[in-house]
Amino acid sequence: MRWLNKKAAAKRKTTGPSVSELIVKAVSASKERSGVSLAALKKALAAGGYDVEKNNSRIKIAVKSLVTKGTLVQTKGTGASGSFKLNKKQAETKTKPAKKIAPKSTKSPKKAKKPATPKKAAKSPKKTKAAKPKTVKPKAAKPKKTAAKKK
């Protein structure tokens, strides 16, 4: 019996997109302001030719995983029930890495310019500033007088 199952598993081929991809497409196609409910998601998947009754648990698992990944945001309910929207923040972060690559390339020429002598000139005034705190020490004596006044 087991050898029959192995052959059947070997013959199976995945056809079409995954359940999570179908869910993302269905949510993005809807124009509901508060998001798409699970029932509406199932109707959209059934309209697309997906067997909802047979794969009900797969739909729920896919919805939960998309929420934990951050692709979907759950606006109402808990678990797999409720309403779901696409996460706008994640869509923005996908476009931002392309922008981050450009500043990194511009930073390397700036690094080459930084080791110039202006830094050394900036360090020397810091040394003169270090001499100024010596004048602060008499000011530290004044709080002692205020402590004596309190008594």
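Tutor: A pocket here is an open set of grid points with protein on both sides within 12 Å along at least five of seven lines, and its lining residues have an atom within 4 Å of a point. The model under discussion is a predicted one.

Student: Which residues of the lining lie nearest the centre of the largest pocket?

Tutor: The largest pocket has a volume of about 410 Å³. Its lining is made up of 14 residues, which divide into four nonpolar, six polar and four charged. Those nearest the centre are T14, T15, V19, Y50 and R58.

Student: Which elements each supply at least two residues of that lining?

Tutor: V19 and R58 are among the residues nearest the centre of the largest pocket. V19 belongs to α2 and R58 to α4. The elements that each give at least two residues to the lining are α2 (19–29) and α4 (56–69).

Student: How are α2 and α4 oriented to each other?

Tutor: Their axes come within 9 Å and cross at roughly 70 degrees. Angles of 65 to 115 degrees count as roughly perpendicular. The two helices are therefore roughly perpendicular.

Student: Which residues of α4 does α2 meet?

Tutor: From α2, the contact uses V19, S20, I23 and V24. By class, the contact of α2 with α4 has seven nonpolar, one polar and one charged residues. On the α4 side, the residues are R58, I59, A62, V63 and L66.

Student: How many polar and charged residues are in the contact of α2 with α3?

Tutor: The axes of α2 and helix α3 (residues 38–47) come within 10 Å and cross at roughly 110 degrees, so these helices are also roughly perpendicular to each other. L22, I23, A26 and V27 of α2 make the contact with L41, A44 and L45 of α3. By class, the contact has seven nonpolar residues, no polar and no charged.

Student: Which strands stand at the edges of the sheet?

Tutor: The sheet is open, with three strands in the order β1-β3-β2 and antiparallel pairing. Two of these strands have a single partner each, so one side of each is left without a neighbour in the sheet. The edge strands are β1 (36–37) and β2 (72–76).

Student: Which residue of β3 stands opposite S37?

Tutor: β1 and β3 run antiparallel and are joined by two bridges. β3 also pairs with β2, in the antiparallel sense over four bridges, and there K76 stands opposite S83. The residue of β3 opposite S37 is S83.

Student: Which residue takes a positive phi in the hairpin of β2 and β3?

Tutor: Within the pairing of these strands, Q74 has F84 in β3 as its bridge partner. The hairpin has six residues between the strands. A positive phi near 85 degrees is taken by G77.

Student: At about what angle does α2 run to β3?

Tutor: α2 lies across β1, β2 and β3. Its angle to β3 is about 85 degrees.

Student: Which element gives the most to the lining of the second largest pocket?

Tutor: The second largest pocket has a volume of about 190 Å³, and its lining residues include V27, S28, F84, K85 and L86. The elements that give two or more residues to this lining are α2 and β3 (83–86). The most, three residues, comes from β3.

Student: How many charged residues are in the lining of the second largest pocket?

Tutor: K31, E32, K85 and K88 are among the residues that line the second largest pocket. Lys and Glu count as charged. The lining divides into four nonpolar and three polar residues, and its charged residues number four.

Note on methods: Residues are numbered from 1 along each chain as its sequence is written. This is a predicted model: local features need pLDDT of at least 70, side-chain atom pairs count only at pLDDT 80 or more; totals for chains, interfaces and linings use all residues. Side-chain values use heavy atoms; hydrogens and water are left out. On a 1 Å grid over the protein atoms alone, a cavity is a set of points where a 1.4 Å probe fits but cannot get out, and a pocket is an open set with protein on both sides within 12 Å along at least five of seven lines; lining residues have an atom within 4 Å of a point. Grid points are joined across faces, edges and corners, and a volume is the space filled by probe spheres set on the points. Axes are lines fitted to C-alpha atoms, for helices over the stretch in contact, and angles run from 0 to 180 degrees between N-to-C directions. Angles under 35 degrees count as roughly parallel, over 145 as roughly antiparallel, 65 to 115 as roughly perpendicular and the rest as oblique. Contact means heavy atoms within 4.5 Å. Two strands pair if DSSP finds at least two bridges between them.
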